[in-house]
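Hello,

Here is the structure I promised to pass on to you.

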Amino acid sequence: MSEIFSPIAVPAAKPAQVASEGAATRAILIGIAVAFLALFLVLPLFAVFTQAFSKGIGAFLDAFREPDAWSAIRLTLTVAVIAVPFNVVFGLAASWAIAKFEFPGKSLLITLIDLPFSVSPVVSGMIYVLLFGSQGLFGSWLIDHGIQILFALPGIVLATVFVTFPFVARELIPLMQEQGTAEEEAALTLGASGLHAFRTVTLPNIRWGLLYSVLLCNARAMGEFGAVSVVSGHIRGLTNTIPLHVEILYNEYNFVAAFAVASLLAVLALITLVLKSVLEWRFAGELAHGRAH
Amino acid sequence: MVETPRPKTSLLRTFRRPSVIPGFGISFGYTLTCLGLIVLLPLAGLVAKASGLGLSGIWEVATDPRVASALRISFGVSALAALVASAFGFLVAWVLTRYRFPGRKLVDAAVDLPFALPTAVAGIALASLYAPDGLLGAPLARLGIQVAYTPVGIFIAMVFIGLPFAVRTVQPLIAEIDKEIEEASATLGATRLVTLTKVVLPPLIPAVLTGFALAFARGVGEYGSIIFIAGNLPYVSEIAPLLIVIKLSEFDYGGAAAIATIMLGISFLTLLAINLIQAWSRRRFGYV
Amino acid sequence: MKNAAARGRGIRAIGLSLLAGAGLWAGMGLASAETALLNVSYDPTRELYREINAAFAEDWKAKTGETITVRASHGGSGAQARTVIDGVDADVVTLGIPSDIDAIARLTRKIPEDWRSKLPNTATPYTSTVVFLVRKGNPKGVKDWADLVKPDVKVITPNPKTSAGGRWNFLAAWGYAYNQDKDAAKADAFVGQVYKNVPVLDTGARGSTVTFAQRGLGDVLPTWENEAYLVLQEFGADKFDIVSPPSSIYAEPPVALVAANAERKGTTKAAQAYLDFLYTDRAQAIFAKHHYRPIKREAAARADLAQLPEIKLFKIEDLQGSWDEIQKRNFDAGGLFDRLSRAGR
């Protein structure tokens, strides 16, 4: 499933000859493709910014004078700061175990790691309600011990970790598999400790792939809506993340503010895309994708 | 695959093939622990909750007309959207890999926008574009086509989120195609169309199918971008994930869990289908 | 290699300081917490409780010298009740319809069963009703409930399964029809006719308002009276008209203390004071200002009251019995709404 994020390392196209379409066909196809993308992808992005600035820059800035907006931003950053490193550690461990060793049931394990990709965000949130809600499996135990998971930071973090669970692992597994174990074995033979070999051999080899996956993981963690919406409780100034804050503003007829805060997320998306493209262009050879596995 | 003699020192050793690389125990253990606690245990809780209803109970929920129609809409529209996304995705991938034109890299980067843009933001943006008074909605309304608040709106949102999957699965394979085969085909007298349909396309089919399955799975589960643009009308434009949220609001945990379990089952099947396609492709074409 | 290692250290240092900074920032947010109450409310009360909460904080400070923050959470009434049932730490609930608070009481026992007798006026500090919001000049000529079943009229109303406003609309239509001939079967059929004209069912009253006012869908929005006036304020009185039907429903959005939560958090006193505050003249005046119908009319400004016209209001309990029965008959699984939407598709 990792191909979905693949950057493209394209061999330079030779001038068209027998094995290509005519110039006219080509122009038409390019036209259709670009028009389609502009209509479907770029226009919505454009709409976010035009709506955000539709009442001028003052109205735009007003959206960020609200303390609730800042607490939403703070909460979203906090969630990302916990969820992303967690997934990095998990991704490193999982890819180490899966790529460097042979054991039975490996493909089942990979499929299970993939599972959150195809689970509906709503279901991702709901499973935690069923576990930790006061009507849920551990509900009464948690109440007795005064532990609040749902409708508080832990629940939001859990739901976010769930939806971003495969991101790092799925980038690193093919990357490490491709790199094999020869370099680590050489380091170990030369007397390096396991941890040392990991730090000086493995990590430098995968650093761009890791950065790449962190980028995508972070974008998803900050932008997740469905799963977080189920477990958040929507308490203003307390459990509202940025996407939920956008929804609230939207429901308060405060469209300019809604789109202003949304534009913050759109900018984040653009930065993610730019960094991602830079990584792909400069370090295509050190990422897992772009090559048919 | 040389048979190595197995040192019978520990269970772990017999489980995995021996290697000088350390850290299997800790990394494998940590992986399983996280996977178990974060993914498997909660999903098991869901299935346990649903199984409280019994198979007949789940069947009853699934065949309730409103649930059945929400599932039909989710799966039906998603399949249609994945189809369109696959077709255009293929075209986009082809254009991006085969042709050189100014701004190509920019267009290539833009394909991933739906990955990076939060779904709620996409939802309000699409709703404002396709509303009867929106930039695209107004001209369409004059043509008598209503997009927002109808199943067409669901379709648009699903194409939006599914497109990158469709493009990115076929793109690397198009890049890998050996041009010499095409040239050989052309030299042997095949027209370009014949070359494309008989030589170029067949090996790409598994990737197209994988892209379709991914876009489909994503579309079925999608919530954030759809609820803003779908009318959410029972039997017409109500999607299954929304019905789960509604069931929760009605305090019907069993019903919500049952729908979720059905969707989960189908996610499993889709993943399985993807794996089978890839295995078949590996046998048939030697790559994925 | 050395270069790479140095770069790695740099990246790590940046990462660590980002981490520390964010942690500090988050910590600061938590550290500033003082006594805080959580009011879990329904959809259209966002503006109302913003003002009420500020007024209460002021009042509490004057009386006790303590600083208090009241946080609010809004959404479809049913969805909000669900979050309380699942464990949101609400001190008080101020929901759109009694059956939602009944559900919390029944499923969690965090609210006593007899909550309606704990506060004056069956725990309802203000009432409201359902009026029609139509497009300027009322092009479809909607004047009364009977007009909602005209074939060319599109009605926008929220999903009665999840929204209290949706349920009041449903019950108001039913009550109107029942009052014509005192025939329940005919009233059921009438409501079915109304819902045939509904193109969009949003999950909350707010969603429906946005669909009608912002997205320009539909001809009439039966909605909370306060919500209709808010639309005039927010979207401009030149775009919409409010039509008050000759008769409508007596809508009671009730309030209750979530006793078990407040006790555990040690906020019972403040939470009770908050609910009592809703019955003070100051709060009553704020209700009227936001176009809710105060139960103490004398406390409200004359100009605010003048905006609330005389409408003949009926109580649904007089027509259908207790709230348990009302909920079961109309909205529970297999109830009237389910049967109508099955038949109407």
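In this predicted model, 100 residues of chain A are in contact with 105 residues of chain B, where contact means heavy atoms within 4.5 Å. The size of an interface is often given as the accessible area lost when the parts come together. Here chain A and chain B bury about 9,100 Å² between them, and 80% of that is on carbon and sulfur atoms; buried area is the accessible area (1.4 Å probe) that two parts lose on being put together, summed over both.

Two salt bridges are found across the interface of chain A and chain B, a salt bridge being a side-chain nitrogen of Lys or Arg within 4 Å of a carboxyl oxygen of Asp or Glu. B:Arg192 and A:Glu21 meet through their side chains in a salt bridge, at 2.8 Å from N to O. Helix α1 (residues 23-52) of chain A gives the largest share of the side of chain A that touches chain B, with 17 residues. Helices (H or I, at least four residues) and strands (E, at least two) are DSSP runs, numbered from the N terminus.

Still in chain A, A:Ser229 has its place in helix α10 (residues 226-232). A:Ser229 is buried, with a relative accessible area of 12%; buried means under 20% relative accessible area, exposed over 50%, and partly exposed in between (1.4 Å probe, protein chains only). Leaving aside neighbours within four places in sequence, A:Ser229 is in contact with A:His234 and A:Leu244.

Now for a sheet in chain C. The strands of this open three-stranded sheet come in the order β6-β5-β7 (chain C), with antiparallel pairing; two strands pair if DSSP finds at least two bridges between them. The edge strands are β6 and β7 of chain C, each of which pairs on one side only. From one strand to the next, the twist averages 30°. Helix α6 (residues 164-181) of chain C packs on the sheet, touching β5 and β6 of chain C, and its direction makes about 110° with that of β6(C). Axes are lines fitted to C-alpha atoms, for helices over the stretch in contact, and angles run from 0 to 180 degrees between N-to-C directions.

Five bridges join β5(C) to the antiparallel strand β6 (residues 220-224) of chain C, with C:Trp224 as the bridge partner of C:Val130. On pairing with strand β7 (residues 240-243) of chain C, β5(C) makes four bridges, again antiparallel, and C:Leu133 stands opposite C:Ile242. Five of the six residues of strand β5 (residues 130-135) of chain C are buried, so this strand is largely enclosed by the rest of the structure.

Helix α8 (residues 205-214) of chain C lies across β5, β6 and β7 of chain C, at about 150° to β6(C). Nine of the 10 residues of α8(C) are buried, so this helix too is largely enclosed by the rest of the structure. Among them are C:Arg206 and C:Phe212. After α8(C) comes C:Gly216, with a positive phi near 70°.

A note on conventions: residues are numbered from 1 along each chain as its sequence is written, and chains are lettered from A and ligands numbered from 1 in the order in which they are written. Local features need pLDDT of at least 70 and side-chain atom pairs count only at pLDDT 80 or more, while totals for chains, interfaces and linings use all residues, and side-chain values use heavy atoms, with hydrogens and water left out.

Best wishes
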